[in-house]
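Student: I am new to this structure. Could you walk me through it in short questions and answers?

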Amino acid sequence: MATRALILLLTLGVSPATLAWQTCHTADVKALKFFTVGQAALLRQDCSSDDLLDAPVRLSFSYFRDVPGNAFAKAAEHFIELNTSDRQFRSLKSRIEAFNSHYQDIGDGDTYTLTYGDDASLELALNGKPLAHEQGNDFAQAYLSIWFGKDPYSDSLKENLLGQ
């Protein structure tokens with residue numbers, strides 16, 4: 001049935017990328033495990049998916065406080081390194097650094113989104129404006145390990161975003 005619907009949409013010229021995103025689950029984003037600095041959401045075009053992390057998936061992080069861009073970059077690299085093998089991290093390091101170089105200082109009301117697309121791409125956007133784009137399932141999976149790996153940024157954020 002889903003395949004027929006997809007074929008119909010494509011026939012009508014509607015790309016799956018243009019379908020509405022649904023908020024599946026939300027979680028508080030905490031700094032130092034105590035201070036709520038924002039709200040995270042896991043979004044999909046279909047929240048009934050068996051694997052919420054299968055592409056396409058979007059993570060949205062809306063912030064209530066100022067956060068320097070380099071804090072995002074440092075934390076991202078740290079958690080990717082924790083959640084990947086030494087070999088995998090070394091092979092991705094230059095791509096991670098290039099992607100992370102696009103983080104900007106943000107303030108109250110700003111929203112970062114990370115969108116993992118069907119085309120194996122990962123896009124970083126700030127307030128809807130694309131900042132960085134990287135191809136490859138290897139890169140996207142490593143990047144998502146920041147929040148969903150064996151050693152995530154926050155266990156409670158991981159559990160809440162996955163609805164556990």
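**Loops, a link, helices and a pocket**

Tutor: Ala 120 is found in the loop between S4 and strand S5 (121-126). Bear in mind that this is a predicted model.

Student: Which peptide bond is cis?
Tutor: Look in the loop between S2 and S3, where Pro 56 has its place. Omega is about 0° at the bond in question. That cis bond joins Ala 55 and Pro 56.

Student: How many disulfides does a search of the whole structure find?
Tutor: A disulfide is a covalent bond between the sulfur atoms of two cysteines. Here Cys 24 and Cys 47 have sulfur atoms 2.1 Å apart. That pair forms a disulfide. The search of the whole structure finds one.

Student: How many residues apart are the two cysteines of the pair, Cys 24 and Cys 47?
Tutor: Cys 24 sits in strand S1. Cys 47 lies in the loop between strand S2 (35-44) and S3. The pair links distant parts of the chain, 23 residues apart.

Student: Is the link of Cys 24 and Cys 47 left-handed or right-handed?
Tutor: Look at the angle about the S-S bond. It is -90°. The link is left-handed.

Student: How are H2 and H4 placed to each other, roughly parallel or roughly perpendicular?
Tutor: The axes of H2 (residues 69-83) and H4 (residues 137-148) come within 8 Å. They cross at roughly 100°. Angles from 65 to 115 degrees count as roughly perpendicular. So H2 and H4 are roughly perpendicular.

Student: How many charged residues does the contact of H2 with H4 have?
Tutor: From H2 come Ala 76, Phe 79, Ile 80 and Asn 83. They meet Ala 142, Tyr 143, Ser 145 and Ile 146 in H4. By class, that contact has six nonpolar residues, two polar ones and no charged ones.

Student: And how many charged residues does the contact of H3 with H4 have?
Tutor: Helix H3 (residues 86-100) packs against H4 at an angle of about 80°, with the axes 10 Å apart. H3 brings Gln 88, Leu 92, Arg 95, Ile 96, Phe 99 and Asn 100, while H4 brings Asp 138, Phe 139, Ala 142 and Tyr 143. Six of these residues are nonpolar and two are polar. The charged ones number two.

Student: Which element supplies the largest share of the lining of the largest pocket?
Tutor: The pocket has a volume of about 420 Å³. Strand S1 (22-31), strand S3 (57-63), H2, strand S4 (111-116) and H4 each supply at least two lining residues. The largest share is four residues, and it comes from H2.

Student: How many residues of that lining are nonpolar?
Tutor: The lining has 21 residues, and those closest to the pocket centre are Tyr 63, Val 67, Phe 72, Ala 75 and Tyr 153. One lining residue is polar and two are charged. The nonpolar ones number 18.

Conventions: Residues are numbered from 1 along each chain as its sequence is written. This is a predicted model: local features need pLDDT of at least 70, side-chain atom pairs count only at pLDDT 80 or more; totals for chains, interfaces and linings use all residues. Side-chain values use heavy atoms; hydrogens and water are left out. Axes are lines fitted to C-alpha atoms, for helices over the stretch in contact, and angles run from 0 to 180 degrees between N-to-C directions. Angles under 35 degrees count as roughly parallel, over 145 as roughly antiparallel, 65 to 115 as roughly perpendicular and the rest as oblique. Contact means heavy atoms within 4.5 Å. Ala, Val, Leu, Ile, Met, Phe, Trp, Tyr, Cys and Pro count as nonpolar, Asp, Glu, Lys and Arg as charged, and the others, Gly among them, as polar. On a 1 Å grid over the protein atoms alone, a cavity is a set of points where a 1.4 Å probe fits but cannot get out, and a pocket is an open set with protein on both sides within 12 Å along at least five of seven lines; lining residues have an atom within 4 Å of a point. Grid points are joined across faces, edges and corners, and a volume is the space filled by probe spheres set on the points. A disulfide is a pair of cysteine sulfur atoms within 2.5 Å.
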